[in-house]
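Grab a viewer and follow along.

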Amino acid sequence: MLEINMEDVKNVLISCKPYLIFLGIVCVAAVAALIVCAVNKKLQKKTKYLIRTQAGVVVLMAIILTANMIVTGPMYTLVSLAMGEGSISDASIESSSEFGVKVAEEGIVLLENDNLLPLEKNKTINVFGWASTNPCYGGSGSGGISDAYPTTSLLDGLKEAGFETNTELSEFYTAYNAQRPSVNMFAQDWTLPEPPVDQYSDELMQNAREFSDTAMVVLARTGCENADLPTDLTTVTYNNNSTDYEDFGSDRHYLELSRSEENMLNMVCENFDNVIVVYNGSSVFELGFAKEHEQIKSLIWCPGTGQTGFKALGEIIAGEVNPSGKTTDILAKDLEKAPSYNNFVVTMYDNMDEHGVANAFNPDELKAPSFSNYVEGIYVGYRFYETAAAEGFINYEDEVSYPFGYGLSYTSFEQKMGELTEDKEGNISVDVTVTNTGSVAGKEVVELYYNPPYTNGGIEKSSANLVAFDKTGLLGAGESETVTLTFTAEDMASYDTYNHGCYVLESGDYILSLQSDSHNVIDSRVCNVAEELVYDEHNPRSTDEVAATNQFDFAEGDATYLSRADGFANYAEATAKPVNKSMSDEAKAMYLDNTNYHPEDYNNDSDEMPVTGADNGIKLAELRGASYDDERWDLLLDELTVDEMDNLIALGGYQTAAIESIGKVATTDCDGPVDIYNNFTGVSSIGLPAVVMLAFTWNTDIATEYGECLASMADEMNVSGWYAPSMNMHRSAFAGRNFEYYSEDGFISGKMAASVVQGSNKYGVYAYIKHFALNDQETDRWYKNSMWSNEQAIREIYLKPFEMAVKEGHATAVMSSYNYIGPVWSGACAPLQQTVLRDEWGFRGMVITDYFLAAGGAMNADQAIRNGSDMMLTNIEAGTNHVVDKTSATGILAMRNATHNILYTVVNSRAYDEENLHTGAPAWEITLIVIDIVLLALLVLLEVFVVRKGYNRRKDDTIQVIEKTE
């Protein structure tokens with residue numbers, strides 16, 4: 001049932017007040033003229049023409065003014081966005097297309113190679129696998145790419161590299177199923193329409209053997225916003241040309257070979273001795289099968305390539321480019337044995353129905369709040385597998401196919417580690433000399449890890465922790481380069497939740513290891529910490545404004561968290577499926593949503609009402625470059641009315657609204673993260689490779705260029721804000737949006753994201769780092785999904801990339817997330833949005849919500865702005881996006897603070913560069929005004945004509961009467 005929010009109706013009517021008054025005056029005047037004509041009995045028979053014409057004038061005037069009222073009232077924002085200016089130049093299309101290839105050249109990972117690659121040029125190749133004709137270029141939802149530009153397919157990439165592929169095979173796959181199943185944020189089709197082996201005729205296979213002695217098998221998996229990947233293929237409906245249901249493997253999940261794929265791979269290996277397998281996807285896939293077939297000589301991981309990156313795959317196959325990518329996730333042999341597996345799938349609460357909401361796609365279904373327990377604690381990805389192996393809890397070779405940070409090259413390298421040095425500022429450095437000992441030019445990644453001292457039962461610590469990395473330039477055969485890796489002692493501190501309640505660097509020996517990946521050590525040095533360092537409020541870390549102390553006790557809940565104590569003795573208990581499905585009474589007492597949040601309950605009687613609507617004569621442009629605490633901000637904020645602040649806060653979707661009184665221009669913000677896409681004009685940039693591919697480069701310079709590339713195109717499109725980069729964690733391989741996130745490791749995620757933000761900042765485009773925070777899965781994200789975790793994991797794993805993007809990348813915009821952190825919605829979580837983000841990290845800028853959904857029942861502007869958020873991501877009336885409490889001092893102060901944050905961000909963006917700053921009404925509105933003036937002038941002339949004609953008729957009638965009388 002449609003509910004009408006009378007406050008929203010009131011706001012619309014107020015915004016349209018001038019037009020309503022004008023419309024009323026015109027209609028009253030026109031109706032009055034009609035009445036005069038109609039009641040004049042002497043003229044009734046003679047004035048039908050006048051009445052009809054005047055009625056037409058009234059109707060036409062009503063249509064014109066109603067259209068104006070709609071366009072400049074409730075539809076103003078949408079019309080403004082739809083009339084946005086800007087397009088991508090040919091030069092940018094060319095340069096960004098070339099850059100996409102550059103990312104893939106350094107991001108594609110060679111996992112296996114038994115002297116098969118590179119292939120000779122002009123060689124013929126049989127390319128097997130339905131995905132060869134339907135590869136993945138990225139993900140779907142906001143992370144998808146536009147179809148506005150040509151896309152280089154996988155087969156195109158091979159052809160451009162000089163290879164000839166078997167067209168009979170590609171035509172066979174296209175005929176079987178020409179399109180990849182539809183996967184987007186509202187409809188998911190996870191089917192894998194791989195032809196069963198009985199569809200391959202003897203003639204087809206005979207022709208393939210005659211065509212080439214080499215076969216390539218392509219496997220692809222996609223990802224999606226708003227849905228996680230299937231952990232059980234029995235939930236997937238197979239359609240189109242798929243055959244027997246069981247052929248796909250009812251006992252399998254989405255990230256392993258389906259039965260049809262396995263049968264096809266076996267068939268290929270039976271017919272060809274030289275097999276290359278290409279995995280095309282961003283999520284970790286179970287690749288253990290590659291070592292089970294001696295015919296599989298080469299294995300390549302090629303994440304989403306964007307619109308041009310498949311060219312790089314052809315170059316690598318041909319040896320024109322030497323692969324240098326490294327994994328940023330560990331590849332486990334059995335993903336169902338990951339410690340997060342049983343607690344990744346959403347679990348519904350059994351005692352929270354009063355906070356349930358209707359399913360957006362099935363109104364008859366009640367969606368109760370749900371939860372996910374981050375029971376693995378800090379032992380995410382390689383941190384678990386490396387530590388469990390060190391403790392003797394697992395046999396590493398039995399559990400892991402390929403380590404984190406792993407990748408091969410066509411050449412070989414030697415790395416020599418120098419001695420550790422420390423300067424007066426506490427920076428610890430080590431020089432690593434890298435020499436190309438092979439015969440072809442290549443690049444090498446240098447990785448430094450630390451293994452901290454661990455006390456059984458003490459602070460949880462991983463035995464392997466990436467602390468620094470770099471990548472060499474292109475080294476010719478025999479050439480060397482010395483790389484300097486730098487970090488600080490406090491980078492090795494652990495968060496001590498239960499004792500000191502802050503970061504602590506325990507005393508003892510810290511082993512610094514130069515490694516080829518997370519598992520294999522090349523050389524090491526010992527860094528001794530003589531005495532314990534406690535980074536409490538008296539001794540904050542050098543990068544913190546104030547000390548990081550316990551803020552998330554409320555988010556721990558009643559879950560049992562995995563511990564290294566006694567060799568992971570509590571593993572079975574901690575990682576089991578949740579048994580208790582009830583939220584505790586203590587947590588429920590903290591739980592707020594739109595059913596029980598009332599802003600007046602949180603007013604502070606001691607707050608003083610600020611000045612509004614003052615005439616201080618200050619314009620926003622005057623504060624460009626000024627400190628956030630500049631005293632002139634108060635004078636500017638005093639000028640704003642409550643309604644102006646409310647409009648800015650409430651309508652922040654894909655824009656920041658204009659405020660004429662202070663010269664605040666409207667800006668356009670667009671989706672990402674691999675392109676800039678304007679949903680309203682349809683203009684899009686080139687789509688770059690998925691950020692997983694970017695992370696695989698281990699090259700921060702390329703990451704900076706990634707941000708620069710997209711921001712430069714945003715600048716051409718007149719876009720000032722970019723909803724990216726995304727930096728949630730690969731907590732589980734089954735997370736639907738992993739293609740949008742960098743890694744399972746917070747450190748490399750943070751380094752790459754910070755570099756992207758730096759690149760974006762170069763063009764004055766504010767990048768919204770997202771989704772802040774613990775938004776590491778997609779299923780039921782709209783329905784109040786509570787994420788429970790302990791403080792150490794929150795800080796060391798999930799907040800780490802955001803922290804680095806703020807401190808090193810100097811981000812000025814953040815997007816919060818749908819989920820709850822424990823019992824508190826993230827967008828209204830003051831410990832997160834205020835204490836950690838602003839107080840500890842020193843963030844200065846604005847926080848926007850994720851897409852504003854009143855249906856979800858969690859989001860409201862009052863609660864958000866009182867707890868650290870500033871702007872609601874919607875451009876239409878969405879129920880609770882407007883501030884309700886506009887009379888209390890507490891409410892107005894919160895609005896004022898949020899407005900300050902938004903204005904500070906915008907005035908320091910490209911929108912206020914001299915060449916971009918255009919105050920006053922936008923061109924489309926000026927055009928509308930001109931059209932209105934012309935139409936009104938025509939109507940006035942028409943009215944004069946009608947009146948004169950009526951007058952002349954009356955005059956003629958009068959003369960006729962006189963003549964008859966005479």
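**Exercise 1.** Is phenylalanine 568 buried or exposed?

*Solution.* Before starting, note that this is a predicted model, where local features need pLDDT of at least 70, side-chain atom pairs count only at pLDDT 80 or more, and totals for chains, interfaces and linings use all residues. Residues are numbered from 1 along each chain as its sequence is written, and side-chain values use heavy atoms, with hydrogens and water left out. Now the cut-offs: buried is under 20% relative accessible area, exposed is over 50%, and partly exposed is in between (1.4 Å probe, protein chains only). Phenylalanine 568 comes out at 1%, so it's buried.

**Exercise 2.** Work out how the rings of phenylalanine 384 and phenylalanine 568 are arranged.

*Solution.* Start with the rule: rings of Phe, Tyr and Trp (its six-membered ring) pair if their centres lie within 6.5 Å, and planes under 30 degrees apart are stacked, over 60 edge-to-face, the rest tilted. Searching the whole structure gives 38 aromatic pairs. In this one, the centres are 5.6 Å apart and the planes sit at 75°, so call it edge-to-face. Phenylalanine 384 is buried too, at 3%. Both residues belong to one aromatic cluster, along with Tyr379, Tyr385, Phe393 and Tyr571.

**Exercise 3.** Which ring does the charged end of arginine 564 sit over?

*Solution.* The test asks for NZ of Lys or CZ of Arg within 6 Å of the ring centre and within 35 degrees of the ring normal. For arginine 564, the ring is that of tyrosine 454, with the charged end 4.3 Å from its centre. Arginine 221 does likewise over tyrosine 254, at 5.3 Å.
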